[in-house]
Amino acid sequence: MIARLIEGVPRRALLLLGVLLVALIVAPLIASDYLLTVLILILYFAYIGQAWNIMMGFAGQLSLGHALYVGLGAYAAASFYVHFGIGPWLGLMVAVPVAALAGAFIGFLAFRFRVAGVYFAILTIAVAEFARVGFDHWGWTSGSSGLFLPVAQYTHNDLWLLRGHPVMFYYVILAASVLAFILCRALLQSRVGYFWLAIREDEEAARSAGIDTFHYKMVAVVISAAMTSFAGVFYAFFYNNLFPEQVFHISRSIEIILGPIVGGIGTLFGPVLGAFVLTGLAETLTAALAAAGVDLPGAKQVFYGICLLLVIMALPDGIWPWLSKRIGLAERDK
Amino acid sequence: MSALLTVDAVSKRFRGLVAVDRLNFEVPAGGIYAVIGPNGAGKTTLFNMIAGVFAPDSGAISFAGERIDGLPPDRICRRGIGRTFQIVRPFPALSVEDNVIVGALLHRRHVVDARAHAHEVLRRLDLYDKRAQRASSLTLPDRKRLEVARALATDPKLLLLDEVMAGLRPTETDRIVAILKELNRETGLTILLIEHVMRAVMALASRILVLHHGAAIAQGTPGAVVRDPAVIHSYLGAEDVS
């Protein structure tokens, strides 16, 4: 299993991955509280970027509404916790199926009725917007006034209920990111991965090579939605408050896709690198502005815009395909 | 020989224009069958109906004794009909090898097995040495052979070739002709091809069907067809009589 996963990966790439992993594991020992929250945010975006990449980077289906799955996951787990005292891990049993169903619903509508390309993207936005408006008016989840999780003091870490110090959250999201990375690698090397790439490259040619494109696109959407919902559960328990205007907002969906675009769509390391570059630099900028005593609301968004512009103009495939060639880590062309 | 593919009174209209008009023919198992005819004769329409891109308006298409008209392209491929496109469409960002692995995975669960099969097919089509290249970096003749390789990797009983020789130099044409002949002889693969390059048709086909305005104007062995006055008049031109 492991042998298959690392088959064809250059030794130097493995070494680098190992160093990065060790660095991330020991990071909380030396990082300040502030740096730790930045790292949590980076890993959070690396994780969701990976999930979004399955749909767009692998299967070629552009979703601009991934906030939907984050929000559904977050609300499902949070409301079960608030109303019934059911912890987040059990809450996942609700969050994942709910998000997967939503993904299946969008996928079915689009793929059955041949809604493709930008129209598919618009459909994903529309459903996320429906959810935002719907949750705004749904009493059980406290509507637009927001759902709050009871916050306790950090006397001890309760991993089962996800209550505790940021360090615990850090390791949870680190583990999730590592698992997502491994899962994506395994998927890319499997039968379904090959079929996804074929669909991404040329759907009609894929069909004439015997691929049931409807089925495999559905699989991509459902896996991506299910994975993303975990990020929502994490979000709810980390931030302890949920507002439909925030979690379901289209700006959230855009935030999710920036990392993979900057890092490299369709690559395994792109979402990770993109999250580090974007979130890392944006937080540095925010900190620097704060230190200089400058108050510039929206500076982060402008910064994201500039980054996106630069990458699209200079490296349209993203930073990672270019960088990996530069440092001699390029894998066989996928 | 029994018929592997039977086209029975098949018609297709596009907004009143009759593309294929009550066409009948049978492709015997193990044969190489060519469809020729001038542009707009309905050849590609016929192919697209067999391959499932669209369904005939009337008539029936049977493959290995079962009706296949109206089935979608992926189901038809799974029944055992592989196809190439007139304008080649390999998966551009994938390597040559991965292109063929996609085809090979149709009837294989594991990538390892599919890769082994893909290598076999690539060797047969003289593409093995280029397996690590991106498909988009190939020359046209190589891309044409890659299309054939990907279709072959799906283990078809019938291979549909839509003008694979078009745009190739005579030496390249002869190379593909030799490869197809060998495939037909060694594996018993049945081939149905649309072709304009008469040099290839005459070298390959055991039977020829001539389409004109969607209808068959001649059917038979290559020798007989090229001497048919109707064929000469509508397609080959007078200078080909000799």
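Tutor: We start with pairing: two strands pair if DSSP finds at least two bridges between them. Helices (H or I, at least four residues) and strands (E, at least two) are themselves DSSP runs, numbered from the N terminus. The model is predicted, and local features need pLDDT of at least 70, side-chain atom pairs count only at pLDDT 80 or more, and totals for chains, interfaces and linings use all residues. Residues are numbered from 1 along each chain as its sequence is written, while chains are lettered from A and ligands numbered from 1 in the order in which they are written.

Student: Which residue is the bridge partner of Phe63(B) in strand 5 of chain B?

Tutor: Glu66(B) is the partner of Phe63(B). Another bridge to strand 5 of chain B joins Ser62(B) to Arg67(B). Strand 4 (residues 58–63) and strand 5 of chain B pair in the antiparallel sense over 2 bridges.

Student: What lies between strand 4 and strand 5 of chain B?

Tutor: The two strands form a hairpin with 2 residues between them, and Ala64(B) in the turn has a positive phi of about 50 degrees. Strand 1 and strand 4 of chain B pair in the antiparallel sense over 5 bridges.

Student: What is the order of the strands in this sheet of chain B?

Tutor: The order is 2-1-4-5, in an open sheet of 4 strands with antiparallel pairing. Strand 2 (17–28) and strand 5 (66–67) of chain B are the edge strands, each pairing on one side only. Helix 1 (residues 43–51) of chain B lies across strand 1 (3–14), strand 2 and strand 4 of chain B, and runs at about 65 degrees to strand 2 of chain B.

Student: How do I read a positive phi?

Tutor: Most residues other than glycine have a negative phi. In this model, Leu162(A) has a phi near 50 degrees, a positive value in a residue other than glycine. Leu162(A) sits in the loop between strand 1 (147–148) and helix 7 (166–188) of chain A. Asp155(B) likewise has a positive phi, near 55 degrees, in the loop between helix 5 (140–153) and strand 7 (158–162) of chain B.

Student: Why does Leu162(A) count as buried?

Tutor: A residue is buried if 20 or more other C-beta atoms lie within 10 Å of its own, exposed if 12 or fewer, and partly exposed in between, with C-beta atoms placed from the backbone. Leu162(A) counts as buried because it has 22 C-beta neighbours inside 10 Å. Asp155(B) has 18 other C-beta atoms within 10 Å, so Asp155(B) is partly exposed.

Student: How should I describe two packed helices?

Tutor: Two packed helices are described by the angle between their axes and the distance between the axes. Axes are lines fitted to C-alpha atoms, for helices over the stretch in contact, and angles run from 0 to 180 degrees between N-to-C directions. The axes of helix 13 (residues 270–291) and helix 14 (residues 299–314) of chain A come within 10 Å and cross at roughly 140 degrees. Angles under 35 degrees count as roughly parallel, over 145 as roughly antiparallel, 65 to 115 as roughly perpendicular and the rest as oblique. Helix 13 and helix 14 of chain A are therefore oblique to each other.

Student: Which classes of residue make up the contact of helix 13 with helix 14 of chain A?

Tutor: Two residues are in contact if their C-beta atoms, placed from the backbone, lie within 7 Å. Ala, Val, Leu, Ile, Met, Phe, Trp, Tyr, Cys and Pro count as nonpolar, Asp, Glu, Lys and Arg as charged, and the others, Gly among them, as polar. The contact of helix 13 with helix 14 of chain A has 8 nonpolar, 1 polar and 1 charged residues. Among them are Leu278(A) and Leu285(A) of helix 13 and Phe303(A) of helix 14 of chain A.

Student: How many residues of chain A are in contact with chain B?

Tutor: 19 residues of chain A are in contact with 25 residues of chain B. Helix 8 of chain A gives the most to the side of chain A that touches chain B, with 6 residues. The residues of that side divide into 7 nonpolar, 5 polar and 7 charged.
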